[in-house]
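Subject: Structure for you to look at

Dear colleague,

My notes on what was found follow below it.

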Amino acid sequence: MDRLTTTAAGTLFGLHGEPAHERIVLATDEASGLQAIVAVYSTARGPAFGGCRFWQYASDHEAYNDALRLSQGMAFKNALADLPFGGGKAVIVRRPQTLDRGALFTAFGRLVESLEGIYITAEDVGTTADDMRAVQAETRFVSGIPRENAVYGGNPSPRTAYGVFVGLLAAVEAALGRTSLDGVSVAVQGLGSVGWDLCERLHQAGAQLIVADIDATRTARAQDLFNARVVATTDIASVQADVFAPCALGGSITEAVAANCQFKVIAGGANNQLISLAEGDVLHRRGIFYAPDFLVNAGGIISCVREYLGSAQEQAVLAEVAQIGPRVFELAERVRASGVAPARAAVAWAREKMVAC
Ligand code: NAI
């Protein structure tokens, strides 16, 4: 799970040195076994919108910190994507014992409903559209559900991957002056919903792929279909490649990775890639352009929001997601003008936008 050190971990009431969360709810439901944390970082722009993660953690403290970091990231993401929503996130702690999944997510739906609309949920790692259907039985504050006869909505991953692709392309142009990915080498960490779709797009664009996943069937398929070079999961962050695209879980840019990696650009789908902003500073000093996760992976939330509002068709959603490209260029401009590392510049930019809209 998103690895947290003491520099990035939260106190009970918020992340170190950052404005505190507006609301943090800890909830249990004995009948279903639900143990959940809902973290609402900000509702300044509107209700807090962000997915629900279902994951097994080393400790409850780790789950708590994950919820806090993820919800803050959602506030930045929604603000930078100009969505009329604040940021929040839910974490359901996955226990090793078998549970009735339907009952668990129905109980989670009751929890979301009890918050009276300050938090709107959707899929995240470990949850599916079916889970969201169970949530929907209890609350209307949910998105990411395929609608009959609608060509938009449902699983947000393809739109996330499209946004990451657009953002990666823009980051390569901004940092390296190249307008095509033909011949550009990209190391992709994680070949799940987002990483796989991204690989397909990168391969079509002529990129040379280096891949790693804990699931060997996925890497073998990538080798066959994309002529990808497969490396161990422990090596993917240290290979020689132009671009690194973290698409597994968070925390892949550790102090050691930031200090030693050989990439020129980092742009990927995973949330909370940096252990802390300090790693972003190190990358910047070393001339590596880091396109922040919460800027480039907004495609999924844009899709969920438009589905929730019932306000867009597929082409309009894709056009909105494509705006991630110009935003990466604007961030590069802000970095040039201020001398501040992209991660810090993006946080400052998001905070400017975290006001009522
Ligand atoms: P997923 O669960 O479908 O895929 C994750 C992949 O990473 C799996 O193939 C897994 O085997 C692999 N993996 C796990 N640990 C690994 C390791 N140490 N090294 C290499 N591979 C490893 O998840 P999904 O939906 O693709 O999401 C990936 C990331 O993108 C997550 O951090 C998620 O929070 C983030 N994200 C996803 C969005 C979406 O729409 N699915 C939206 C925004 C962010």
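The shell around the ligand draws on both domain 1 (5-72 + 85-136) and domain 2 (157-298 + 323-356), with at least three residues coming from each; please keep in mind throughout that this is a predicted model. Helix 4 (157-176) and helix 5 (193-204) also take part, each of them supplying at least two residues of that shell.

There are 25 residues around the ligand, and those that come nearest are Arg53, Thr160, Asp213, Arg218 and Ala248.

As for where the ligand lies, you will find it in the largest pocket.

A polar side-chain atom of Arg218 is 2.4 Å from an oxygen atom of the ligand, and a polar side-chain atom of Arg53 is 2.8 Å from an oxygen atom of the ligand. With Val194 a polar backbone atom is involved, lying 2.9 Å from a ligand oxygen atom. The ligand taken alone exposes 830 Å², of which the protein buries 81%.

Best wishes

Key. Residues are numbered from 1 along each chain as its sequence is written. This is a predicted model: local features need pLDDT of at least 70, side-chain atom pairs count only at pLDDT 80 or more; totals for chains, interfaces and linings use all residues. Side-chain values use heavy atoms; hydrogens and water are left out. A residue is near a molecule or strand if one of its heavy atoms lies within 4 Å of it. A polar contact is a pair of N or O atoms within 3.5 Å; within protein, one must be able to donate a hydrogen and the other to accept it, and residues adjacent in sequence count only if both atoms are side-chain atoms. Accessible areas come from the Shrake-Rupley method with a 1.4 Å probe; for residues, only the protein chains shown count as cover. On a 1 Å grid over the protein atoms alone, a cavity is a set of points where a 1.4 Å probe fits but cannot get out, and a pocket is an open set with protein on both sides within 12 Å along at least five of seven lines; lining residues have an atom within 4 Å of a point. A molecule sits in a cavity or pocket if more than half of its atoms lie within 2 Å of its grid points. Helices (H or I, at least four residues) and strands (E, at least two) are DSSP runs, numbered from the N terminus. Domain bounds come from an automatic or database domain assignment.
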